[in-house]
Amino acid sequence: ISEDTAITMGHTSARDIVIKVSEKIKKMEEEKAKLYDRGELEGTKEKEIIYCEHDGIYFYLQDRKNNKEKRGERLKKEAKIGVIHEGKKSRYTNDKQLINKQVVATIGTAKEFKKLMDVEIGTKYNESKIKKIIVNGDGAGWTHSIVEGPKEIFQLDMAHIQKKIYDA
């Protein structure tokens, strides 16, 4: 920030701003989910096939003082990340771009992640027009355990299919 503007800001100030903004975003997302659950918020975009990419990223936590049973160990948490899109289009040679990409992420449970994904899809798309939701993942337990309903189909993503072939 100090390199691009006339503002000088310390780490603590930047952290405080990020926390305040994230709290506001969380409240807005919770309100959006409530409206969706009550049927007061529906998507209008009509698509027959929607794609979802699921993956997780582990990161280490800093708060070891408050976790007595794991004192001295590096605690880690998994962020579950999903990308919802309508397919791919060519951008450059050997390069594709996702169409209407939306990103969803949480450090919550797989069930909470699934709820976030459903709300994002349901508030953008007319769910009665969707025939298939193709879920690509790495095969981790949570990625295919949340696939439910006749419209949702789980498959390994191409990178993990290639890895399994190579390993075999």
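The legends below describe close-up views of a predicted model.

**View 1**
Strand β5 covers residues 102–106, and its side chains alternate between two faces. Gln-102, Val-104 and Thr-106 point to one face and are buried. Strand β2, residues 76–85, runs antiparallel to β5, and five bridges join the two strands. Within this pairing, Lys-80 has Thr-106 of β5 as its bridge partner.

**View 2. The largest pocket.**
This pocket holds about 570 Å³ of space. Its lining consists of 15 residues, and those nearest the centre are Lys-26, Glu-29, Ala-105, Thr-106 and Leu-116. Helix α1 (11–37), strand β5 and helix α2 (110–124) each supply at least two residues of the lining. The most comes from α1, which gives six residues. Sorted by class, the lining has seven nonpolar, two polar and six charged residues.

**View 3**
The lining is made of 13 residues, with Glu-53, Lys-88, Asn-136, Asp-157 and Met-158 nearest the centre. Strands β1 (49–60) and β7 (152–156) and helix α4 (158–167) each supply at least two of the lining residues. The largest share is that of α4, with three residues. By class, six residues of the lining are nonpolar, four are polar and three are charged.

**View 4. His-160 in helix α4.**
His-160 lies in helix α4, an element that also contributes to the lining of the second largest pocket. Is this residue buried, partly exposed or exposed? His-160 counts as partly exposed because its relative accessibility is 25%, a value between the limits of 20% and 50%. Its side chain is joined to that of Asp-157 by a polar contact of 2.6 Å. Asp-157 is also one of the residues nearest the centre of the second largest pocket. His-160 and Ala-6 are 154 residues apart in sequence, and their C-alpha atoms are 47 Å apart in space.

**View 5. The largest cavity.**
The count of cavities of 30 Å³ or more comes to one. The largest cavity has a volume of about 70 Å³. The residues that line this cavity are Cys-52, His-54, Lys-114, Met-117, Asp-118, Ile-121, Ile-133, Val-135, Ile-146 and Glu-152. Two or more of the lining residues come from each of β1, α2 and β6 (132–137). Helix α2 provides the largest share, four residues. In terms of class, the lining divides into six nonpolar residues, one polar residue and three charged residues.

**View 6. Thr-123 in helix α2.**
Thr-123 belongs to helix α2, which also supplies residues to the lining of the largest cavity. Why does Thr-123 count as buried? Thr-123 counts as buried because its relative accessibility is 16%, and the term applies to values under 20%. The side chain of Thr-123 reaches the backbone oxygen of Glu-120 at 3.4 Å. When neighbours within four places in sequence are left aside, Thr-123 is in contact with Lys-32, Tyr-36, Leu-41, Glu-42 and Gly-43.

Technical notes:
Residues numbered from 1 in each chain as written. Predicted model: local features only at pLDDT ≥ 70, side-chain atom pairs only at ≥ 80, totals over all residues. Heavy atoms only, no water. Buried < 20%, exposed > 50% of the residue type's maximum accessible area, 1.4 Å probe, protein only. Pairing = 2+ DSSP bridges. 1 Å grid on protein atoms, 1.4 Å probe; cavity = no way out; pocket = protein on both sides within 12 Å on 5 of 7 lines; lining within 4 Å. Points joined across faces, edges and corners; volume = space filled by probe spheres on them. Nonpolar A, V, L, I, M, F, W, Y, C, P; charged D, E, K, R; others polar. Polar contact = N/O pair within 3.5 Å; in protein donor to acceptor, adjacent residues only side chain to side chain. Contact = heavy atoms within 4.5 Å.
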